[in-house]
Amino acid sequence: MNSKTRTFEKIYMGIIFLFMYAPIVTLIVLSFNKSKSRAKWGGFTFQWYLSLVRDSEVLNALANTLIIALIATVVSTIIGTAASVALMGMKRRTRSLVMGVTNIPMINADIVTGISLMLLFKVLHFEAGFVTVLIAHITFDIPYVMLSVLPRMKTISPSVYEAALDLGAKPLFAFRKTILPDLMPSVISGALMAFTMSIDDFIITYFTKGSGFDTLSTKIYSEVKRGIRPEIYALSAIIFVVVLILLLVSNRIKAGAGKRVKKSLSARGERIKNIALAAGVVAFSALIVVMALVYGGVFSKKSTQVFVYNFGEYIDPDVITMFEEETGIEVVYDEFESNEIMYAKIASDGAAYDVMCPSDYMIAKMISQDMLMKLDKSALPNAVEYIGGQYYNSAKAFDPENEYAVPYCWGTVGILYNKKMVQEPVTSWDILWDDRYSGEILMQDSIRDAFMVALMRRGYSMNSTDPGEINSAAEDLIEQAPLVQAYVIDQVRDKMIGNEAALGVIYSGEAIYTKRENPDLEYVVPDEGSNVWIDGWVISRDAVNVDNALAWIDFMCRPEIALKNFEYITYSTPNIAAQELIEDDDIRNSSVAFPDNETLERCDTFISLGEEADRLYNEAWKRVKSAN
Amino acid sequence: MFKDPKRAHALASPYFVWALIFILVPLGMILWYGFTDDAGAVTIRNAAAIAQPEHLKALLLAIELAVISTVICFLLAYPLGMILAKNKMSSQGIITTIFILPMWMNFLLRTFSWMTLLENHGVINGFLEKFHLPTVHVINTPSAIVIGMVYNFLPFMIMPIYNSLAKIDNNVINAARDLGANAVQTFLRVTLPLTVPGIISGVTMVFIPALTTFAISTMLGGSKILLIGNVIEQEFTLTYDWHLGSGLSVVLMIFIVINMIVQALSEKNDEL
């Protein structure tokens with residue numbers, strides 16, 4: 001072969017290799033990044049590897065992922081291998097029919113498979129969670145096993161097996177001694193494939209999982225919209241290195257065994273290979289089981305629990321641990337990205353959360369649909385004492401008697417802009433329609449917030465139910481769409497920190513954090529007015545652990561806990577005692593964290609609009625989103 | 001083998017039961033939801049909704065991007081498969097190591113990482129700037145989604161193509177050359193036709209997930225490029241219209257039907 005082609009081949013393989021591994025190198029680099037924002041290199045650190053050990057949420061998700069993958073692999077390998085062997089004894093027509101069905105989960109779009117199983121579980125009143133995800137994984141794993149085993153099975157001659165039977169061997173014994181050794185490599189490669197697919201699956205798990213249950217995939221997806229916590233980078237770097245070592249070692253052993261086969265021409269090499277593989281599998285399984293026992297959510301259920309459903313990145317994780325340690329109640333903590341997604345989850349039977357933290361208008365909607373429970377104030381002394389009266393007053397807009405909700409955070413919505421990119425003063429929502437900033441604008445990817453901007457800009461109420469007004473707001477948003485770089489939720493943060501955009505619609509709580517990371521950023525509430533919102537703790541009408549839920553809410557209202565949360569999430573706290581505890585004068589007196597009355601007078605609160613208006617908004621939003 | 005049909009059926013029965021309950025019945029559920037409304041009355045409105053402009057647009061765009069991604073995957077994977085198959089020194093173990101390994105890093109993380117790479121002030125543009133080259137604007141465009149698709153699904157194209165190339169007996173190639181065919185003719189008339197099954201399986205494994213993804217388009221398209229997968233996902237998680245979501249999914253099930261027809265046809269060819 002001439003050296004020119006050789007070089008070309010090497011370069012070609014190098015490019016593909018670079019393409020495959022560039023993102024992985026990026027992730028590993030990010031795992032050592034001191035800054036929590038992926039958009040900024042803050043220096044080298046090992047801290048995420050250390051805090052990973054204490055991050056029970058991530059470790060739980062990891063344990064779940066591994067347990068599901070392991071059980072699903074074992075079950076699907078047994079069922080699939082048995083079926084492949086049996087199929088050989090069947091008529092050709094039956095076989096092709098069965099293969100047609102087997103192919104369905106592979107050919108079918110994942111989203112359709114996931115949805116079809118979700119519908120089945122719902123109709124059967126199966127509670128979504130560990131078992132439903134496991135069933136789903138077994139279902140899509142079986143085809144991988146069969147497609148690996150069946151072709152091999154076709155090449156195996158039955159005569160040795162039949163000879164063994166003639167010589168008096170029992171069928172099972174004969175199978176084990178004559179067919180299984182030949183079949184084993186394909187069984188193992190099928191099982192490995194199944195395991196890999198199971199580990200990597202997101203879509204099917206996403207649709208079949210219930211509340212409080214997450215695999216790594218679904219955990220990561222819920223974090224994607226707001227920036228992934230660095231511990232996850234650290235974890236994947238570890239997984240990557242471990243798997244790399246395992247694969248290299250097993251390759252070494254296989255290669256060694258292969259050579260021996262050639263030398264001795266005996267079955268010994270083959271046997272060594274199988275033993276080595278089996279040992280590898282056993283060792284890895286043991287590791288998984290240990291992990292599961294130490295961190296697993298599956299076996300180590302504490303006797304009493306509370307199911308909490310909160311916005312993403314909306315609590316200091318230490319607070320959860322403190323609560324668990326003090327009360328002995330296990331917290332099953334889940335996060336959502338938007339009120340609408342939370343509502344969809346709660347409204348389906350599958351999700352059983354005790355205590356949630358939705359926003360004002362969503363609380364009103366849930367009250368009107370009788371989804372919430374009146375709170376027993378005698379169990380909430382901290383809430384009564386420390387939450388400011390003015391906040392309870394504002395909360396009357398959506399909870400007239402203050403019976404259902406305890407305010408947790410509040411703030412405004414405004415424009416975050418980069419002073420280096422926007423020289424003029426920002427005073428109006430109009431600037432988001434200015435084509436000089438085309439491609440530099442980040443809009444909120446949530447229906448009410450996006451429409452609030454358009455409605456306020458036109459001087460309409462943000463709670464408009466008038467079809468004409470909604471329509472013209474939608475027209476404006478469609479007109480704006482070509483200028484918008486992306487519709488995002490908490491990603492506004494990282495993108496603004498990384499100078500990716502000039503202007504972004506954001507919640508006031510993020511302003512303090514982003515300014516700290518990038519001093520060029522400034523936050524304003526436009527003159528036309530904006531949304532002032534309150535998120536509050538509420539208890540589901542169907543809550544099972546009511547006492548624990550009340551204990552949770554009251555714990556959140558302790559001044560030192562509220563302060564700890566404020567310092568972590570930088571969203572304004574309605575806790576008067578906590579406000580006084582803030583040490584940093586700039587923040588205690590910050591007009592961003594605690595806007596003055598003049599600003600607040602321009603602002604309005606969302607109220608629930610009713611089903612008919614919700615439908616109008618949903619349809620209009622779909623038109624906006626498909627306008628590009 | 002296992003000429004005793006009773007034993008064979010007993011051995012296969014766990015699978016039959018499983019396939020019936022968890023493959024066939026759920027598909028029936030989708031059909032049932034897709035062709036009824038809230039009141040339980042039969043309707044074709046949900047499936048017909050695919051013709052609405054915003055749905056149709058999402059479907060057509062998804063098809064377009066999926067076709068582009070599949071073609072790129074094929075063009076990248078085939079030469080690679082040939083290089084790998086030619087240099088037998090690379091044992092199959094190494095191949096799997098290289099291309100399966102990334103799959104152990106979560107699919108979403110890998111895609112997310114492309115965001116950091118592709119952003120306007122991201123890693124790639126950082127490099128370009130350093131060498132005073134013009135920067136590229138890809139993030140939040142369809143191109144970024146295509147990159148994400150190609151990246152995620154390329155291994156599914158490489159595997160089957162490599163396998164079918166590696167299976168070709170060198171003697172067949174040599175025979176063609178001995179009989180006077182040049183390299184191009186050998187490739188077109190011998191190598192390529194022999195790898196058609198691998199190509200078909202690779203194309204299926206890339207095209208379908210690309211067509212129906214919603215995660216890749218959300219992350220790399222900035223949520224402003226809606227594919228059919230996004231539309232369906234939102235019907236279930238946001239607007240909460242399960243009937244409409246199922247109706248639109250029914251449209252995607254057409255690929256099962258196509259595959260079954262292809263399967264049936266190839267069975268027939270086998271029998272000849």
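Reader: What share of the contacts in chain B with a separation of 6 or more comes from residues 24 or more positions apart?
Author: This is a predicted model. In chain B, take the contacts with a separation of 6 or more. The part that joins residues 24 or more positions apart is 70%.

Reader: What box do the C-alpha atoms of chain B fill?
Author: The box is taken along the principal axes. Its sides for chain B are roughly 75 × 70 × 35 Å.

Reader: What percentage of chain B counts as buried?
Author: Chain B has 272 residues. A residue is buried if 20 or more other C-beta atoms lie within 10 Å of its own. The buried part of chain B is 44%.

Reader: Which element gives the largest share of the side of chain A that touches chain B?
Author: The contact takes 84 residues from chain A and 84 residues from chain B. On the chain A side, the largest share is eleven residues. They come from residues 3-30 of chain A, helix H1.

Reader: How many residues on the side of chain A that touches chain B are nonpolar?
Author: That side of chain A also holds 19 polar and eleven charged residues. The nonpolar count is 54.

Reader: How far apart are the centres of domain 1 and domain 4 of chain A?
Author: In the assignment for chain A, domain 1 is 3-45 and domain 4 is 410-533 + 608-626. Their centres are taken over C-alpha atoms. The separation is 35 Å.

Reader: How many residues does domain 1 of chain A bring to its contact with domain 4 of chain A?
Author: Domain 4 of chain A gives five residues. The domain 1 side divides into one nonpolar, two polar and two charged. Domain 1 of chain A also brings five.

Reader: Why does Trp48(A) count as buried?
Author: Trp48(A) lies in helix H2 of chain A, residues 47-54. The cut-off for buried is 20 or more other C-beta atoms within 10 Å. Trp48(A) is buried because the number of other C-beta atoms within 10 Å is 22.

Reader: Which residues is Trp48(A) in contact with, leaving aside its neighbours within four places in sequence?
Author: Leu432(A) is 384 residues from Trp48(A) in sequence and 37 Å away in space, C-alpha to C-alpha. The contacts of Trp48(A) beyond those neighbours are Ser31(A), Pro230(A), Glu231(A), Tyr233(A) and Ala234(A).

Note on methods: Residues are numbered from 1 along each chain as its sequence is written. Chains are lettered from A and ligands numbered from 1 in the order in which they are written. This is a predicted model: local features need pLDDT of at least 70, side-chain atom pairs count only at pLDDT 80 or more; totals for chains, interfaces and linings use all residues. Two residues are in contact if their C-beta atoms, placed from the backbone, lie within 7 Å. Helices (H or I, at least four residues) and strands (E, at least two) are DSSP runs, numbered from the N terminus. Ala, Val, Leu, Ile, Met, Phe, Trp, Tyr, Cys and Pro count as nonpolar, Asp, Glu, Lys and Arg as charged, and the others, Gly among them, as polar. Domain bounds come from an automatic or database domain assignment. A residue is buried if 20 or more other C-beta atoms lie within 10 Å of its own, exposed if 12 or fewer, and partly exposed in between; C-beta atoms are placed from the backbone.
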